[in-house]
Amino acid sequence: MYQTGATLQFHDKICGVASLLNMIVANIDPVQLSKLVHKLMLKQFQMFGHDCQLLQETIISSLQWDSFEQFCVWQLLSAEGPDIQNIIIILEKLSLEEHPEAFSSALLLLKCEPLGAMALGTLFSLPVSSHCGVVDAVGSHWLNLNPSKYAKYLSQLMDKAAVKIDTLLEHLTRVLIYLNNNQIFEVSEHVLTKSLLKLFTSFPEFLAKNLRETFSKWNRKIRKGK
């Protein structure tokens, strides 16, 4: 049986070492897991650290472990509080079909995070062809969470050329279509409309044509439904 005290005693040797992490989650029970989660939340020690490359290597290694072990890893990681940009970078290396445990855990972790400019930029940099579903889910949630900040951050990203505009526009178009098709509006339509129209003024006309058309259809459909 795994002893949680051993982790605290040798925490400086465990941080970022995938083989030791595997040994822990392979022998842990739910009560012991809860104790480690509690101690990580209290910042008593770290199991993953802040090195982005090391974290990616650890998560990639864990993809070969069984489902319970992987879910334990993500609970521990969530308790420690990772840099959300690192999670989005890791998501780019995952697929729903091949890595369902890690993929779903990463999505849930993102949903619990507040909207931030750098995180939004990293999210909208994900490839459309392979990760549009991730951006649809998280992007629509963040848009509903705070549309004014959402629009402000996207505008800043374009001003700084931090994201490819064509990728950003394609993702944003998909997010609007997703919201429209599923009628998921946690804030008033007026707030969304005002924020998005303000954002669109910063788009070059020839690049934003499809997005403006999508927004117009979306806006008309909402008004008809009133």
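Okay, let's start with His131, which is buried at a relative accessible area of 4%; buried here is under 20%, exposed over 50%, partly exposed in between, with a 1.4 Å probe and protein chains only. Keep in mind this is a predicted model, where local features need pLDDT of at least 70, side-chain atom pairs count only at pLDDT 80 or more, and totals for chains, interfaces and linings use all residues. Residues are numbered from 1 along each chain as its sequence is written, and side-chain values use heavy atoms, leaving out hydrogens and water.

So where does His131 sit? In helix H10; helices are DSSP runs of H or I, at least four residues, numbered from the N terminus. Its side chain makes a polar contact with the side chain of Ser130, at 2.7 Å (N or O atoms within 3.5 Å, one able to donate a hydrogen and the other to accept it; residues adjacent in sequence count only if both atoms are side-chain atoms). Leaving aside residues up to four places away in sequence, His131 touches Leu91, Glu92, Lys93, Leu94 and Leu126, with contact meaning heavy atoms within 4.5 Å.

Now H10 itself: 13 of its 18 residues are buried. The helix bends by about 35 degrees at Val134, taken as the angle between axes fitted to the seven residues ending there and the seven starting there.

Last stop, the aromatics. Rings of Phe, Tyr and Trp (its six-membered ring) pair with centres within 6.5 Å; planes under 30 degrees apart are stacked, over 60 edge-to-face, the rest tilted. That gives one pair: Phe124 and Tyr150, edge-to-face, 6.2 Å centre to centre and 75 degrees between the planes. Phe124 is in the loop between H9 and H10 and Tyr150 is in H11, so the pair ties together parts 26 residues apart in sequence.

Conventions
Helix = DSSP H or I, 4+ residues; strand = E, 2+ residues; numbered from the N terminus.
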